[in-house]
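Good morning, everyone. Please look at the screen while I walk you through one protein chain.

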Amino acid sequence: MIRGVSTDVTNDDKGGEIDFVTYSANSYQYMTFQEGKLGVGTESPSEMLTVQGTSATILVTDTDSAGTLKLFDASTGATGTDCGVIFFDAKDSDGNQQTQAKIIGSTGTSVTSGSEEGKLYFQTLNAATLT
């Protein structure tokens with residue numbers, strides 16, 4: 001099923017959503033475009049891309065060479081700026097989302113064209129603190 005929903009047609013609102021819905025394995029499967037956000041497996045995406053499901057895996061395949069996943073900070077570079085972060089989260093015993101580890105890509109001590117430096121930081125949770 002394909003469904004389009006407008007949030008406010010009376011005031012010429014251009015907002016809304018488009019849903020692609022299938023029924024499989026006794027449940028509905030969703031892909032939703034809503035307010036500039038894409039949701040796969042959810043009707044309510046909270047980020048630009050939200051993937052939700054019991055086997056939520058993102059696969060990047062390039063048949064000519066290595067698959068690429070690129071994080072790009074399009075703002076003007078500055079020394080010591082984080083240009084990409086990957087979070088590894090899980091729920092704690094109270095059901096709250098908690099970051100367990102993260103990888104941070106950062107500009108180094110120079111962002112001058114031709115002499116750029118980059119750094120990669122790894123942090124893990126130890127006694128409730130990322131170190």
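Let's start with Leu 49. At 48% relative accessibility, Leu 49 counts as partly exposed. Here are the cut-offs: buried means under 20% relative accessible area, exposed means over 50%, and partly exposed lies in between, using a 1.4 Å probe and protein chains only. Leu 49 sits in strand E5. Strands (E, at least two residues) and helices (H or I, at least four residues) are DSSP runs, numbered from the N terminus.

A word on the source. This is a predicted model, where local features need pLDDT of at least 70, side-chain atom pairs count only at pLDDT 80 or more, and totals for chains, interfaces and linings use all residues. Residues are numbered from 1 along each chain as its sequence is written, and side-chain values use heavy atoms, with hydrogens and water left out.

Now the whole chain. How many helices and strands are there in the protein chain? There are 0 helices and 9 strands. Along the sequence, the pattern reads β-β-β-β-β-β-β-β-β. The protein chain has 131 residues, and 15% of them count as buried. The accessible surface is about 10100 Å², with 53% belonging to carbon and sulfur atoms. That area comes from the Shrake-Rupley method with a 1.4 Å probe; for residues, only the protein chains shown count as cover.

Back to Leu 49. It is one of the residues in a nonpolar surface patch of about 840 Å². Others in the patch include Phe 20, Met 31, Phe 33 and Val 51. Strand E2 (16-24), E3 and strand E5 (49-51) each give two or more residues to this patch. The patch rule has cut-offs too: its residues have over 30% relative accessible area and no salt bridge, with like charges joined within 9 Å and nonpolar side chains (Val, Leu, Ile, Met, Phe, Trp, Tyr) within 5 Å. A salt bridge is a side-chain nitrogen of Lys or Arg within 4 Å of a carboxyl oxygen of Asp or Glu.

Stay with E3, residues 27-34, and find Thr 32 there. Is Thr 32 buried or exposed? Thr 32 is buried, because its relative accessible area is 0%. Its side chain reaches the backbone oxygen of Thr 42 at 3.2 Å.

Next, the open sheet. Four strands form it, in the order E6-E7-E8-E9, with antiparallel pairing. Strands pair if DSSP finds at least two bridges between them. Which strands are at the edges? Strand E6 (82-91) and strand E9 (129-130), each pairing on one side only. Inside the order, 7 bridges join strand E7 (residues 97-107) to E8. Lys 102 has Gln 123 in E8 as its bridge partner.

Phe 122 is also in E8, which covers residues 118-126. Phe 122 counts as exposed because its relative accessibility is 59%. Leaving out residues up to four places away in sequence, Phe 122 touches Lys 102, Ile 103 and Thr 131. Contact here means heavy atoms within 4.5 Å. Phe 122 and Val 85 are 37 residues apart in sequence, and their C-alpha atoms are 10.0 Å apart in space.

Last stop: the loop between E8 and E9. Ala 127 lies there. Its phi is positive, about 55°, although Ala 127 is not a glycine. Ala 128 lies in that loop too. Its phi is near 70°, again a positive value in a residue other than glycine. Ala 127 is exposed at 71% relative accessibility, and Ala 128 is exposed at 69%.

Methods
A polar contact is a pair of N or O atoms within 3.5 Å; within protein, one must be able to donate a hydrogen and the other to accept it, and residues adjacent in sequence count only if both atoms are side-chain atoms.
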